[in-house]
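Please look over the model shown here. My notes come after it.

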Amino acid sequence: MISRRTFLAGSALGACGAGLGLAGLRAVSAATPMELTAHETAAVLDGTSLTEGVMTWNEGPLPPVIRVRRDEAFAARLVNRLAEPTTIHWHGLRIPNAMDGVPFLTQPYIYQGETFDYAFRAPDAGTFWYHPHCNTLTQIGRGMTGLFIVENPDDPAFDHEMALNLRDWRLDEKGRFIAQFKARDAARTGTFGTVRTANWQVAPRQEAPAGGLMRLRIAITDVTRIYRFVLEGASALVIALDGNPVAAPFPLDRLELGPGQRVDLAVVMPAEEGAVVRLSNTRTTHPYEIASFRSTGSSLGRSLGDVTPLPANPVAEPDLAAASVIPLELSATAEAAPAGGSICGSLGYNFWAINKVPWSGDTPEPHTPIDELKLGRSYVLELANRTPHAHPIHLHGMSFRAIESTNGPVLPHFTDTYLIRPDERVRLALVADNPGDWVFHCHVIEHQKTGMTGFFRVV
Ligand SMILES: [Cu+2]
């Protein structure tokens, strides 16, 4: 049965999406909502001790991996059994603004005992994820990051598929949560976790068919860590980045991705049964194994030559000749943090700013957009990083394409997150084809929560 809220949301979408041609903006039909119950639980995360206060949805501790088909009606009822407000943001999905999950800007936060109905169609196929956008450092830091996989019936076939949700946890030696951040680190790279996991396990080993072609979906849902991926024991091609297919698959060679980003790999497993393939992160003083895969059975005899590009997503191509340029500067700031508590969690500091303005906090007071974009027009965001740190900058609701960088050639794929390096300048092009208020922020959550956040208004 369709709820009143779902019905209202569906009607509103139908009205505002008219004529836009984005599948995600079509009216949503009566899909049976899945329930996502936010609550606390206990889980073993470091391999030995039980950690209390882990946050998740449903049974957990690993949040449900949601799978839908492209353009299919999806509905979820968020039921809040946490002792604090929450919301859900669907990272990378180009869906209507009212479903975007940003408290005050797009929806009320959902208090303990309350529910909220999300309903939309995902217009793009790929690897996405979902997480709260309220008290984000705590709620994401304690486990509320789930994968959202959108399938395309026209995707090439694989012999095997696996999804890895990568993240750290801030635990002491007895498995208890410790302070989620240190102020001096929030003013630098962000505070790193102490236990590093894939799917809530330390260096898990999985099985995959020998000589088989495996689609490996990797999502970085950590609040801080940047990964450099190295795969030993097998050859692999990058077939999609941040939920969008790459036009020509290319070899995985020390690819670096930051919080919020995803990569889809086509991996040919070794032909020999028992051979082990290791995925490592080498962007750290002490490289470590993320996960490994063991070949099983007799060889399927596949090769990288069997990999074909994924079909493209229907993202509008920006008109660069007609695009307006918006200069954006990421910098440090010494401006004092806003006084008074924010219901959705303030860290109590301002360290960062966009165009010299630090975010004034998740509060009900009206905020001023960074800029107002005209619906349907093309824009180039000219982003300059005036800090000595990398920032995975994320835009809600619309996909963009990097067209030029001072750091050399850019990968020509659509994305929702760009990892800008220290002192880099990059031009990001997009069509403003989704109306509403869309947050633009760093996905190092401490940076997001200490100023590096703003939003664009598309009207
Ligand atoms: Cu940042």
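This is a predicted model: local features need pLDDT of at least 70, side-chain atom pairs count only at pLDDT 80 or more; totals for chains, interfaces and linings use all residues.

1. Start with strand E12, residues 213–220. How many of its residues are buried? The count is 8 of the 8, so the strand is largely enclosed by the rest of the structure. Buried here means under 20% relative accessible area.

2. Next, see where the side chains of E12 point. Leu 213, Arg 215, Arg 217 and Ala 219 face one way. Met 214, Leu 216, Ile 218 and Ile 220 face the other way. All are buried, the two arginines Arg 215 and Arg 217 included. In a regular strand, side chains alternate between the two faces of the sheet.

3. Which strands pair with E12? Strand E9 (residues 160–169) is parallel to E12, with 7 bridges. Strand E17 (residues 262–268) runs antiparallel to E12, also joined by 7 bridges. Follow two bridges by residue. Glu 161 is partnered with Arg 215 of E12. Arg 217 is partnered with Asp 264 of E17.

4. Now turn to the copper ion. Its donors are His 391 (ND1), Cys 442 (SG) and His 447 (ND1), at 2.0 Å. Along the chain they follow the spacing H-x50-C-x4-H. His 391 lies in strand E24 (residues 391–395), and Cys 442 lies in strand E29 (residues 436–442). These two are 51 residues apart, so the pair links distant parts of the chain.

5. Are His 391 and Cys 442 buried or exposed? His 391 has 0% relative accessibility, so it counts as buried. Cys 442 is buried too, with a relative accessible area of 0%.

Terms used. Residues are numbered from 1 along each chain as its sequence is written. Side-chain values use heavy atoms; hydrogens and water are left out. Buried means under 20% relative accessible area, exposed over 50%, partly exposed in between (1.4 Å probe, protein chains only). Helices (H or I, at least four residues) and strands (E, at least two) are DSSP runs, numbered from the N terminus. Two strands pair if DSSP finds at least two bridges between them. Donors are N, O and S atoms within 2.8 Å of the metal (3.2 Å for Na, K and Ca); water is not among the atoms, so sites may look incomplete.
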